[in-house]
Every structure is written in C-alpha cells, then in structure tokens.
Amino acid sequence: YQLGWTAGLVDWRGALLAERTTLMEQIRFSDPRWRSLTEPVPFDLPALLDLLAQRDQAALTLFHRPGQVVAVLLQDGKCSVAAVPLGYETNAALDHYLGNLQSKTPKVEWFDPSPSLGLEARNLLPARLLAPALQSSGLIIVPHGPLHLLPWAALTFQSKRLFESCPVGIAPNLSCLLALQADWSAEPRAALIGAPDYSALANWETLHLAVDELLTIKGLYPSPPGIIDEVLMEQAATEYNFWRLAHHPDAPGNILHVSCHGTFVTGDPMNSGLLFTDGKVDATEIARRRLQYDEVILSACSTGRRPTEIRGVELTGDDIVGLPGALLEAGARSVLVSIPPAREDAAMEFMTIYHEYRSDGMTPTRALRATQVTMLANPLYPPHLWGGFTVYGYQ
C-alpha cells in the first residue's frame, strides 16, 4: 500500500496468497469455529422456538433456489413454510442491484432497490409469512446466497419500509441465534479508533469527517468512565493500537467503534479488512483472535459485503464470509456494518444518531430501527445514502 507495486512484489504477493490459501484450508479442517462458516450446524429447534415465543420475536430463514425463494417462519412456537416465485423482472432487478454493488461507477440511487429498481420485499418473501412476522417485537432474517447482499430492513412491503414495522436484524444461520444472546448493558461504554492518516497511501483518500465523527460520539458517552482508554485517531490509528484496544481489560460487555476505510476482496473475502495508518487488519486475523466486546461498529464502506462465489466456487450456504462473519467468530454478539458504500456525511449523521440511542441503553437492533426511522424523516439524507447499514446479531 505504501511503496507501490513492482514485478517482484507482485510475484511475492502471489506466492504468499497461495501459501495462505493452503494454510486457510488447514485451519478450516482443524478449527471447529471455521466449520460453522461453511457447513450447517445442528441446533435445538424447540429451544429456539421457545426463546422466540418468550420474546414475541420471529425469524425468517430463506433458501434461494433457481426460480424461487423458499422461506421458513419461526414464530409463536411453530414453523410455517411457503415459497415465492422469482419472475424475470425480479431476477433482472436483483442482478442490476448486485452488479451495481461491484461497479466502479455505481448508481447510488440503486443502493435503495425498492424505489429505484422495484425490488420489494413481496418479490422475495411470501407475503403470508412476512405480514405476521412484522407484527412481532423484532424480526431476524437469515438470508441465503445473493440475498445476503440486500438491505433487508430498508426494503418496502405494503408501502412501508420493513423497519417501520419492527426492528430487523440479520443472522448468518439459525443455529447461531442461541449463541448470540447477550445481556445488553443499560450504560454501555465505547472504545473509539479511526480517522487514520492516509497521507502515505496514494490510492486512499482522507476521511475528512472521521475526526468529527469520533469526537461527536465521544461526547455522547459520559467521560469518565464512558470512553474506554482514549480516542485513537490519525497517527495513533494503527494496527498495534487496534489490537491493544481490542484486548482492553474493560472491553467485556461494551462497544468497539472503528471509523476507517474498509477493503473488500471479491475472490478472497477473508483478505478483506480495515485499513489503518500503517497497514491492514484482515478478516483472517480477526477470526483467529478473541474479542471481548459485545458489539463492534464499523463506520467503513462495504464492510458488510459478501461474495456469491470464490474462485469459481459458488457459495450456497446461509453463511457470511468476510468481516461480519470474522467478528462474530471472534466473539462479538452484534456487528453493525454497511453493505454498499455510504456517503461520508450521511454515515456520520447515521452513526451519531445511532450512538445517541445506544448510549441511552437501547439494544443494537432497537437502536438501529430508531436511527432508521429518524433518518427517514430527514429529507437531507435519502435512504440510498444510509439504507445499507445492517446489524448482524440477535437481540
């Protein structure tokens, strides 16, 4: 990133990536945590149904098949199954949305696919399952395949955004819901790092509002003791300080907020990462460590991206590969990310409002919904600028 590329460096990088691929395969077969990313994990269905019923919540797990989406609703102690056909127009709209995410010159209005592309929730979910699910106190959606890349909470159904009816969160699979439970603190503390100095990196622009974002968020948490350690910015936003903050003794039960550039590597998602002043922390490194924070917030573009295939191999499981999955594997119980790029001023506004609700003790999904409702009422920030912010987890 700092020195530029030479033929020798390109060859060396290729050799390292090949070696890394071999090591990753060894890790996958030797570490049981990794198998949960790509293989179905048994789960206790009666226990999950009971938990959802106790909390008046619903879960919709989806299966994307050629020509249809099959959905299973878990609600009120029972399971219901239905399917919705995927017609030509729906498939075309989905292809336009997915292709736009990877475009070098994307149409930003397409980041909000319901009004721009006509891709509504009813085109992807059976209405007879979705309607009762939205009457619950909270909905968890478990996507599948390319459906992982949709901003589910912002999709419209019966002329309303899903988040207008109830909080909407995302989970990688049903089996993890029991493991992701947490007792959320009524007075959370926050650790803040970001606004790296990118002056030595020719291809990366300075995040002009990141310092303001971090200092504004700092003011929302009573200090002391609301802020853990100190706000680490600019030259202090380094890999070393990220890991020092990640392993801070005051981390358990609290929030880690990172504001920086994110990288997404389509063919190698575990090489996607967070770019700091002196280098990158990638998803592989994160998944191999333990994080004590209950919640991680990534104020960085495209950190919620998930590939649909890797080196020609289609990813067909209901898993998330990349930064969100790595953070959950590392121990986080909730991860807030953005699937498409987010404009910097809109991201700052979104994050400020979100932390206002979190510092008051709201759980992440409820704080997300309150933020979405607040942003929707502000004409300065149309939904395509922030609708891709998504919470992975279960509250």
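Me: Which residues does E213 touch, once those up to four places away in sequence are set aside?

Reply: Keep in mind that this is a predicted model. With sequence neighbours up to four places away left out, E213 touches H257, S259, S299, A347, M348 and M351. Take M348 from that list: E213 and M348 sit 135 residues apart in sequence, yet their C-alpha atoms are 5.6 Å apart in space.

Me: Is E213 buried or exposed, and what joins its side chain to that of S299?

Reply: Buried means under 20% relative accessible area, and E213 comes in at 4%, so it counts as buried. Its side chain and that of S299 are joined by a polar contact of 3.0 Å.

Me: E213 lies in helix 8. How do I read the burial pattern of a helix like that?

Reply: An α-helix has 3.6 residues a turn, so residues three or four places apart point the same way. Now the case here: helix 8 covers residues 210–218, and its buried residues are A210, E213, L214 and I217. Looking down the axis of helix 8, you find these buried residues within an arc of 95 degrees, so they line one face of the helix.

Me: What do the buried residues of helix 8 pack against?

Reply: Their partners are strand 8 (190–196), strand 9 (232–234), strand 10 (255–259), strand 14 (295–299) and helix 12 (344–359).

Me: How many cavities of 30 Å³ or more are there, and which strand gives the most to the lining of the largest cavity?

Reply: The count is one, with a volume of about 60 Å³. Strand 7 gives the most to the lining, three residues. By class, the lining has nine nonpolar, three polar and no charged residues.

Note on methods:
Residues numbered from 1 in each chain as written. Predicted model: local features only at pLDDT ≥ 70, side-chain atom pairs only at ≥ 80, totals over all residues. Heavy atoms only, no water. Buried < 20%, exposed > 50% of the residue type's maximum accessible area, 1.4 Å probe, protein only. Helix = DSSP H or I, 4+ residues; strand = E, 2+ residues; numbered from the N terminus. Arc of directions from axis to C-beta. Contact = heavy atoms within 4.5 Å. Polar contact = N/O pair within 3.5 Å; in protein donor to acceptor, adjacent residues only side chain to side chain. 1 Å grid on protein atoms, 1.4 Å probe; cavity = no way out; pocket = protein on both sides within 12 Å on 5 of 7 lines; lining within 4 Å. Points joined across faces, edges and corners; volume = space filled by probe spheres on them. Nonpolar A, V, L, I, M, F, W, Y, C, P; charged D, E, K, R; others polar.
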